[in-house]
Structures are given as C-alpha cells and as structure tokens.
Amino acid sequence: MYPGYDMTPPAPRETRELRFEIEEFHADYCWTLDCGDVERWPDYFTDDALYRITARENADAGLRVGLVYADSKAMIRDRAFAIKHTQMYAPRTMQHFVTNVRVLEAKGAAIKAQSNYLLLQTLVDGPSTIHQAGRYYDTFVRAGGRLLLKERQCIYDTVLIANDLVLPV
Amino acid sequence: MFSVDTVIHKPGTFAKEQLDESFDYKWPEGGLQYIPDWIYTSNEIYQREIERIFQGRTWNFVALEAEIPNPGDYKRSYVGPTPVVVSRDTDGSVHVFENRCAHRGAEFCRAQRGNTKEFVCPYHQWSYDLKGNLQGVPFKRGIKGEGGGMPKDFRNEDHGLLKLNVATLHGVVFASFSKEVETIEQYLGPEILKDFEVVFKGRKVKLLGYYRNELPGNWKLYHENLKDPYHATLLHSFLVTFGLMVAGSKNGMIADALGRHGTLASAKPDNVSAAVGEVKGEMRAYREDFKLADGRFLEYVREFDSPWSVTMQTIWPNLIVQRELNTLGIRHIVPNGPHSQIMLWTMFGYESDDEEMTRHRLRQGNLMGPSGFLGLEDNEAIKFVQEGLRRSPSDKAVVKLGGNTLGSTSSVIDEAAIRAMYAYYRKEMGL
C-alpha cells in the first residue's frame, strides 16, 4: 500500500505483544492531542523524525507534498507552538479513533506498523463531523524503554478537506 | 460543508439568500467605498456571474502542461463550476471539452488523471477522440433486418463534445467558452505578465502534489483577500513576526489596467528586526517570543530575477499563482454556489531542483494550503466573513482605506485594488 511498508511480520507471539504496545502508544498519542495538549505532541517523535499528512492521491502517485511536512522534531515543535500561541482559527475539539493495527515488520531497531484512523471535528456551533478518514504508516524505534515515532505518514482518503485542517493528526 | 440540518447557519434560511430577479440590485450610495452583501449571498447574482464571467470573455485556468506531458494524458478540471476534460492529443496539442457526453449528458470521465487512446462514455459507449470529436456510436445503423439506428442524416461531426477555446502560456493551460476573447497575453496585460513570467517562463515545472478543500465563502472573497495587503500585515503572525511582509517595508499591490487581475508583492527586508521594530505596536500578531526551533523552514533561496520575494497573483476569474519565498503553487477556484468554493491546489517546483531544493520547498510548503500557517488563517477568516454577511441584517461592507482611488498602490494600508476589481465587476455584471 505504501512504499517501504510491506508485510513481513515477526512470529505470532511477538506480533501480538508489539501490537498491544503500539495500541497503547496510539491511545497515549491521541489522548495528548484530544486533550488539546499540543505542546506535548512533539514528545512522541525522535529528533530526526519525518511527519507528513497527505492525500491518498499524492501517496499513490508518488508525489511528495504534505499538507503538513516536517522532517525534524524541531519543525514539529514549531508547529505545535504556532497552533497553541499564534495561529488564528475558530475554537474546535478533535477526537481520534485508531483501529486495525497491523504489525508489518520488526527487524533490528525499527518496528513498522499501519493503522486506520478516523478524526472527528466539533466546532462550537455545529455537529461533530468526520473530518478525516485515513491510515497511519508508522516506523517506531525504542528509546528509554518506550516507543518513539521515527516516521509517521498520515495518508487520508477524505480528499476534499472541510475548509482546513488546523490540529495535528 | 453545510451538510447537516442541525447547523444553525443552514443555507437557505436567511433573507439575503432569498433574493430573486424581483429584487432591486442597486449598488449602495457612496460608490466603490461600499460593497453590498447581496453580491455574496444572492443565487440570482451567482447565476449571472457564471454566465457573464466564467462562461464569458475570460480565460480560465484548467491545468499545468506538466500534468499532461504525454500524448493521451488527460485531467479532469473545471471552468467555473463546469466540469471539463483537458487532454493531450497524439500530435501534442492540448484540448479542453465539456465532461458531458453529447448523447445523454453523462459525465463520462471519472478518473482525476490518466492516459487513454479515446474517451468512451460508459452508459452507451459513444466514443470520442482526444480532441473531443465523436468517433463511434454503437449500432449506428441499427440491426440488420430489425431496423433502428440513427437517422440517415446523422453526422458524427455534428455531435462531438462541446469544445472550449484553449490557450497555453509558458506551460499553463487556459480555456474559454468565448471564441471572441483576446489573446492570453493581452488578457493578462503587461503588469501581470511580468511576474507570471518570473515563475513560468523558460522553466520546466515539476509537480510536488495536490491539496483540495471546500472553503465556505463566496469565490470573490478569495480574490479580495489577495488584493488586500492590509490583512496580510495584521492577521498572519508568521508574516509579521518573521518579517516576511511588514507594513513600512517594500511592498506593492499591482493591478492591471482593468482592475480585474492583481499582484500582491513584497520584498523581504534584509534587516527584519529593524523593519518590524518601527511598526510592531500596530500589529497584535507580532510575537517577540516566537523563535523558530528549525530555522531552515523560512530560508529564502534567491532563485528569481525579481525585486520581490513574494508575489501572489490573482488572475481573473479562477487562478491564483503563489510565489511565497520558495514555495510555489497554483490555486484553482471552482465556484460552488454563492456560499462556497472548492479550492484545488497544485504545488510544484522545477525540474532543475536538486534533492535539497525539493526538500526545502516541501518544508516551506507548511506556509500554504489548507494546513498552512498562512493558508489556514485565510480560510478561517473568509469563512467568518461569509457567515457574517449571510446571517446579519446589516447589508454592506466598508472599503475606504486609501480613499476612493482605484488600482495599484505602494502602501499596504489601502483597498484601492479591491475597489478597482469591483469597478470592473460592476461593468461586466451590469450592476
């Protein structure tokens, strides 16, 4: 589905353990964002992380643009600061739902996985709407006993964005 | 999108949306210093715009040639709200025709992009060549012994797809419903052509990708936003804090002779803190405490022979050419009723870019688009304006900065380019 994310999983028992660990990671990551604690969001990444949100039409065509494109944790931190302190946008809350976690590969230090995500947005005077349906392609590494993202590709199907995407996925 | 009935600003429920041909569309007293709300809310006006502007004597952006480089390549696109197909024939020529089968009207081309030898309508398999000519009609002569089929005088030549007038300029493809429209160079005029050529002339575009969003605001608000340098120095903390566009430094709002097109231009000052220092008291968006953790993002590689580091061109009626430092893009406006527009973004670099330059453009792309530090603020602001215009009983907006002048200005504290656009608009619309 996405280049570099082929399925060559480890043994079933290890796969199950890793899947459980990745599910816990997702729950923590989403909790941080859904609480609005965006300045803690960079803590889930390595210093050299690549983070990109892009439409499936770009991913399928090998086009590299990102709605958000950060190739360092410092860039992720700059975005977090801007969202929290300088950007102008109407108040909103988000909820992430992450499912269908599949462990694709665990070789050496890197663990690759994919998951589906659903992002709901609620503006102050409107209903909750499906803002984005997409898929994470993640590469994790271990640091200090916990998982960190070395790469997160958020590939969304919801090609026509409702006005904008302000908060991280 | 207003797809849910519980939304309190559900379309169609406000008086300003109910105006029809019986309403007296009289521009408010005070000439161009006021804009009446009904140009943004009335369906009657919207229909007139489609007819007189998008289907009138205008050139509409439809594609970059880089999107259809090879014979048989095609792309779905739009002229105003009308779906069209842009295709490249085997002889290399570019063609634009309605995405509507000449038989029963089916929108036959469904893929965003692709390569084909012919277009076949899936409903009854009428087929068209890459120029839009009707090639084949199944059972054209009926079935032997049973009759049926087309009348004897049916000629394929009379039943091709509706073809539009096409112009290409430095790799950019325009289309027009009008056969009388002037050449594309004359249409743009020398003031606009100059900065257009900075981006496109003699350069081979390399696609970086697409964004698409629905912006719940009238299409003209997007033009106004880029003919309004005043907002740029107030709304956008990134421009102000990092000195990308600051009131008092070298800026320009350039209009063509008719006032329909524009170039919002700015030169990044060498000494940002000095430029900002003089005016920061007026700018609430200025953030002394904001320092970038990754400064590469806003570096400016001087790759253009131009005094401007930023040129945002509004090309009437449906194109924005964005050159913001080193991030380049096309914004294609598809009007979607009085209260909405679809924005199709095509981001690009050049074939000559090396890997480092490509990554630089990708990083700097964070400024623009529906998640861009500047782009998302514009989308929010335009949405707020549409909601205010539609839902309040007040009936006009004020554009008095700079007095009653029209056209180009060197000051950013001026709305002369917006007034010039509406001087042109009123003539075209008979208002």
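Reply: Take B:Val62. Beyond its neighbours within four places in sequence, B:Val62 is in contact with B:Ser77, B:Val79, B:Val84, B:Val86, B:Val96, B:Val173, B:Phe174 and B:Ala175. Contact here puts the C-beta atoms of two residues, placed from the backbone, within 7 Å of each other.

A note on the basis. The model is predicted, local features need pLDDT of at least 70, side-chain atom pairs count only at pLDDT 80 or more, and totals for chains, interfaces and linings use all residues. Residues are numbered from 1 along each chain as its sequence is written, while chains are lettered from A and ligands numbered from 1 in the order in which they are written.

Now the core itself. The largest nonpolar core holds 142 residues. B:Val62, B:Val79, B:Val84, B:Val86, B:Val173 and B:Phe174 have the most contacts inside it. Such a core is a set of buried Ala, Val, Leu, Ile, Met, Phe, Trp, Tyr and Cys residues joined through C-beta atoms within 7 Å. Buried means 20 or more other C-beta atoms within 10 Å of a residue's own; exposed means 12 or fewer; partly exposed lies in between, with C-beta atoms placed from the backbone. The most residues come from helix H10 (residues 416-429) of chain B, which gives seven. Helices (H or I, at least four residues) and strands (E, at least two) are DSSP runs numbered from the N terminus.

The core draws at least three residues from each of domain 1 (60-167) and domain 2 (189-429) of chain B. Those bounds come from an automatic or database domain assignment. Taken over C-alpha atoms, the centres of the two domains are separated by 36 Å. Where they touch, eight residues of domain 1 are in contact with 12 residues of domain 2. Strand E2 (residues 60-64) of chain B makes up the largest share of the domain 1 side, three residues. By class, that side has five nonpolar, two polar and one charged. Ala, Val, Leu, Ile, Met, Phe, Trp, Tyr, Cys and Pro count as nonpolar, Asp, Glu, Lys and Arg as charged, and the others, Gly among them, as polar.

Next, the sheet. Eight strands form an open sheet with mixed pairing, in the order E7(A)-E12(B)-E18(B)-E17(B)-E16(B)-E15(B)-E14(B)-E13(B). E7 of chain A and strand E13 (251-255) of chain B are the edges; each has a single partner strand, so one side of each has no neighbour in the sheet. Two strands pair if DSSP finds at least two bridges between them. E7(A) and strand E12 (residues 205-215) of chain B pair in the parallel sense over two bridges. There A:Ile161 stands opposite B:Asn213.

B:Pro317 sits between strand E15 (310-315) and strand E16 (319-324) of chain B. A cis peptide bond joins B:Trp316 to B:Pro317, with omega about 0°. B:Leu325 lies in the loop between E16 and strand E17 (327-335) of chain B. B:Leu325 is not a glycine, yet its phi is positive, about 55°. B:Leu325 counts as buried, with 20 C-beta neighbours inside 10 Å.

B:Lys204 is exposed, with 12 other C-beta atoms within 10 Å. Leaving aside its neighbours within four places in sequence, B:Lys204 is in contact with B:Tyr350 and B:Glu351. B:Lys204 and B:Glu351 are 147 residues apart in sequence, but 5.5 Å apart C-alpha to C-alpha.

Last, chain A. There, 37 residues are in contact with 39 residues of chain B. H3(A) gives the most to the chain A side, eight residues. By class, the chain A side has 21 nonpolar, nine polar and seven charged residues. The buried residues of H3(A) are A:Lys73, A:Met75, A:Ile76, A:Asp78, A:Arg79 and A:Phe81. They pack against strand E1 (45-55) and strand E2 (68-70) of chain A, together with helix H8 (355-364) of chain B.
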